[in-house]
Amino acid sequence: MGKIHELSSVLADQIAAGEVVERPASVVKELVENAVDAHATQVDILVQESGVQSIRVIDDGDGIDDAEVLTAFKRHATSKITSREDLFRVHSLGFRGEALPSIASVADVVMNTSTGTTGTSIHYRGGKLLQQSPAPLRQGTDITVTDLFFNTPARLKYLKSPQTELANILDVVNRIALSYPAVAFRLVHNAKELLKTAGRGDLQQVIAGIYGVQNARKMVAIQGATADFKLSGFVALPELTRASRQYITVLINGRAIKNQQLTKAVIKGYGSKLMVGRYPIAVIALTMDPLLVDVNVHPTKQEVRLSKEPELAKLISTTITERLVDVNLIPSALTNL
Ligand code: ADP
Ligand code: MG
């Protein structure tokens with residue numbers, strides 16, 4: 001009777017976009033992650049009206065060859081993994097091949113990309129290819145997303161206030177900047193510069209750029225390891241606290257993740273040094289065999305499944321506790337910011 005039929009690819013992309021592209025900050029996250037995966041050393045993020053009007057990300061990375069540009073906008077098309085084994089050894093931020101087609105299905109997208117030997121300009125709107133033409137050879141990718149959610153009014157309505165959407169964007173960029181101190185990031189909103197990092201590979205400098213020099217001076221370096229995990233980062237002295245846990249950043253293999261147990265482990269490391277309802281600023285960078293962390297749990301990849309979570313939580317809390325045993329010894333350890 002023919003009641004069952006395959007969805008058109010545009011419709012399928014829009015459904016995927018429902019998971020991947022929740023708000024302007026999701027677009028920023030996906031585009032900036034693509035720039036980092038493409039080995040960019042400089043990533044400029046230019047946003048108008050909290051991203052609702054436009055989001056532009058310019059990188060100096062690998063670029064996409066003109067023969068592959070159309071493929072990059074197909075669903076499940078990726079250059080980052082090929083086999084089932086790769087899925088368990090993900091080294092890149094992306095791998096699902098969903099971001100570009102999803103974004104292109106719910107917005108207007110113009111991309112100029114060049115590998116140095118080919119240059120291409122491509123224009124999609126609502127999932128439809130409007131134009132593809134040769135473009136100048138400027139190494140890297142320059143992508144502009146406008147009219148976000150123009151064809152999904154429910155999504156547009158669901159957006160929060162411009163301030164909240166902008167705060168989300170800033171949060172996304174901050175976390176990626178903390179994950180990649182060797183990449184120079186610049187975030188500009190309505191011509192106002194909100195963040196600029198130097199890309200010199202110095203995490204403490206990035207922290208100073210985000211939380212302020214004064215606060216960065218009140219943070220100390222930590223380091224720890226077990227057979228499976230390596231930990232490094234900076235944690236605030238107990239005197240420097242915030243009213244929310246959102247200033248605790250946990251990075252696993254260069255990806256900012258959300259994990260209640262690990263966040264709790266950071267707080268636990270402070271023992272009784274924190275007042276009730278106060279939380280530290282912390283950046284905890286963890287490295288481990290990718291086999292120990294499953295990032296393919298959720299489309300946005302912020303939630304992960306860890307094989308040895310209790311062991312990792314213990315490493316985090318004991319490393320912090322031991323470092324903060326005698327905070328009076330600490331000022332000498334501070335570098336000259
Ligand atoms: P994924 O990142 O999961 O592979 P995307 O849809 O985000 O999927 O991107 C599809 C492909 O397009 C990527 O695998 C990559 O090869 C290419 N690509 C996307 N953005 C960039 C960029 N800024 N620079 C170079 N290549 C890019
Ligand atoms: Mg991607």
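**Strands, helices and a ligand shell**

In β6, threonine 146 is the bridge partner of serine 54. The model is predicted.

Q: What makes β2 and β6 a pair of strands, and which way do they run?
A: Six bridges join β2 (residues 54-59) to β6 (residues 140-146). Pairing needs at least two bridges. The two strands therefore count as paired. They run antiparallel. Aspartate 59, for one, stands opposite threonine 141 in β6.

Q: How do you know that β3 also pairs with β6?
A: Seven bridges join β3 (residues 108-114) to β6. The cut-off is at least two, so this is a pair. The strands run antiparallel. Aspartate 108 stands opposite threonine 146 in β6.

Q: Why are β5 and β8 said to stand at the edges?
A: The open sheet has eight strands in the order β5-β4-β3-β6-β2-β1-β7-β8, and its pairing is mixed. β5 (128-134) and β8 (192-196) each have a single partner strand, so one side of each lacks a neighbour in the sheet. On average, neighbouring strands of this sheet are turned by 10° against each other, direction ignored.

Q: Which strands does α7 lie across, and at about what angle does α7 run to β7?
A: α7 lies across β1 (42-48), β7 (184-189) and β8. The angle to β7 is about 170°.

Q: Why is α2 called roughly parallel to α7?
A: Helix α2 (residues 24-37) packs on helix α7 (residues 162-179) at an angle of about 20°, and their axes are 8 Å apart. Angles under 35 degrees count as roughly parallel, so α2 is roughly parallel to α7. The crossing of α2 and α7 is right-handed.

Q: What makes up the contact of α2 with α7?
A: From α2 come Pro24, Ala25, Val28, Lys29, Val32, Glu33 and Val36. They meet Glu165, Asn168, Ile169, Val172, Val173 and Ile176 in α7. By class, that contact has nine nonpolar, one polar and three charged residues.

Q: How do you know that α10 is roughly parallel to α11?
A: Helix α10 (residues 260-269) and helix α11 (residues 309-323) pack at about 25°, with axes 7 Å apart. The angle falls under 35 degrees, so α10 is roughly parallel to α11. Their crossing is right-handed.

Q: Which residues of α10 meet α11?
A: Gln261, Leu262, Ala265, Val266, Lys268 and Gly269 do. Their partners in α11 include Glu309, Leu312, Ala313 and Ile316. The contact of α10 with α11 has seven nonpolar, five polar and two charged residues.

Q: Which residues come nearest to ligand 1?
A: Of the 23 residues around ligand 1, the nearest are Asn34, Ala38, Thr78, Gly94 and Ala99.

Q: What makes α2 the element with the largest share of the shell around ligand 1?
A: α2 gives four residues, the largest share. α2 and α5 (99-105) each supply at least two residues of the shell.

Terms used: Residues are numbered from 1 along each chain as its sequence is written. Chains are lettered from A and ligands numbered from 1 in the order in which they are written. This is a predicted model: local features need pLDDT of at least 70, side-chain atom pairs count only at pLDDT 80 or more; totals for chains, interfaces and linings use all residues. Axes are lines fitted to C-alpha atoms, for helices over the stretch in contact, and angles run from 0 to 180 degrees between N-to-C directions. Angles under 35 degrees count as roughly parallel, over 145 as roughly antiparallel, 65 to 115 as roughly perpendicular and the rest as oblique. A crossing is left-handed if the near helix is turned anticlockwise from the far one by less than a right angle, and right-handed if clockwise. Two residues are in contact if their C-beta atoms, placed from the backbone, lie within 7 Å. Ala, Val, Leu, Ile, Met, Phe, Trp, Tyr, Cys and Pro count as nonpolar, Asp, Glu, Lys and Arg as charged, and the others, Gly among them, as polar. A residue is near a molecule or strand if its C-beta atom, placed from the backbone, lies within 6 Å of it.
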